[in-house]
Amino acid sequence: MICGITGRRPKSLPWGYDESDARAVDFKNRLKYRLGELIESGYNVFNIGMAQGVDTYIFEILKKFRDDGIYTNLELCAYVPSRDFAERWNYNDRRRYQDMLSSADSITYVSEKFGVASAHVRNMAIVDNSDIILAVYDGVSSGGTYRTIEYAKKRGVKVVTELI
């Protein structure tokens, strides 16, 4: 079964870009537990939007599960808004992104050039190709994560949330 991922970017997380913050460490441990539950329930294909923040955390957790032999049958599918998506990121973030892309089992680019529309189309493609959506969410009724949740509900795709 297929699980799509949607979640917040670092600027919307309480710890921002500081992944060494105790809140970030705790949050990632909660994500590991939630992902383990989903995998144990039969979800082994994950459609991930490849953005900074939650998408990156989840991709790296799932990759580690697979690499460490904890769950060997995982398929990591990268859904990327555009070929130039990470072009404006700093060097370390671009390198992290490229490492994830090289580990992905498939890559789907929805546009050549990045824009708000390409991110929205990417989110719709994730929903349209998933049986369930894991939404990592702060409860705010705006932004891409919120719109993705609403789109999934309209399409009849089950949404499970992990609150930040």
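Reader: What makes Phe85 count as buried or exposed in this model?
Author: The model is predicted. Phe85 has 10% relative accessibility. Buried means under 20%, so Phe85 counts as buried.

Reader: Why is Phe114 called partly exposed?
Author: Its relative accessibility is 34%.

Reader: How many aromatic pairs does the structure hold?
Author: The structure holds seven aromatic pairs. Phe85 and Phe114 form a tilted pair.

Reader: Why is the pair of Phe85 and Phe114 called tilted?
Author: Take the distance, then the angle. The ring centres are 5.3 Å apart, and rings pair if their centres lie within 6.5 Å. The planes stand at 50°. Stacked needs under 30 degrees and edge-to-face needs over 60, so the pair is tilted.

Reader: Which parts does the pair of Phe85 and Phe114 tie together?
Author: Phe85 lies in the loop between strand E3 (75-80) and helix H3 (91-103). Phe114 lies in the loop between strand E4 (106-109) and H4. The pair therefore ties together parts that are 29 residues apart in sequence.

Reader: What makes the pair of Trp89 and Tyr97 edge-to-face?
Author: The angle between the planes is 70°. Edge-to-face means over 60 degrees, so the name applies to this pair. The rings lie 5.3 Å apart, centre to centre.

Reader: Are Trp89 and Tyr97 buried or exposed?
Author: Trp89 has 14% relative accessibility, so Trp89 counts as buried. Tyr97 has 3%, so Tyr97 counts as buried too. Ring pairs link Trp89 and Tyr97 with Phe85 and Phe114 into a cluster.

Reader: How do you know that the charged end of Lys28 sits over the ring of Tyr57?
Author: The charged end of Lys28 is 4.7 Å from the ring centre of Tyr57. The cut-off is 6 Å, with an angle within 35 degrees of the ring normal. Lys28 is listed as sitting over the ring. Arg83 does likewise over the ring of Tyr109, 4.3 Å from its centre.

Reader: Which residues lie nearest the centre of the largest pocket?
Author: They are Arg9, Lys11, Phe114, Ala119 and Arg122. The lining has 22 residues, and the pocket volume is about 600 Å³.

Reader: Which helix gives the most to the lining of the largest pocket?
Author: H4 does, with five residues. Helix H4 (116-128) and helix H5 (143-155) each supply at least two. By class, the lining has eight nonpolar, eight polar and six charged residues.

How values were computed: Residues are numbered from 1 along each chain as its sequence is written. This is a predicted model: local features need pLDDT of at least 70, side-chain atom pairs count only at pLDDT 80 or more; totals for chains, interfaces and linings use all residues. Side-chain values use heavy atoms; hydrogens and water are left out. On a 1 Å grid over the protein atoms alone, a cavity is a set of points where a 1.4 Å probe fits but cannot get out, and a pocket is an open set with protein on both sides within 12 Å along at least five of seven lines; lining residues have an atom within 4 Å of a point. Grid points are joined across faces, edges and corners, and a volume is the space filled by probe spheres set on the points. Helices (H or I, at least four residues) and strands (E, at least two) are DSSP runs, numbered from the N terminus. Ala, Val, Leu, Ile, Met, Phe, Trp, Tyr, Cys and Pro count as nonpolar, Asp, Glu, Lys and Arg as charged, and the others, Gly among them, as polar. Rings of Phe, Tyr and Trp (its six-membered ring) pair if their centres lie within 6.5 Å; planes under 30 degrees apart count as stacked, over 60 as edge-to-face and the rest as tilted. Buried means under 20% relative accessible area, exposed over 50%, partly exposed in between (1.4 Å probe, protein chains only).
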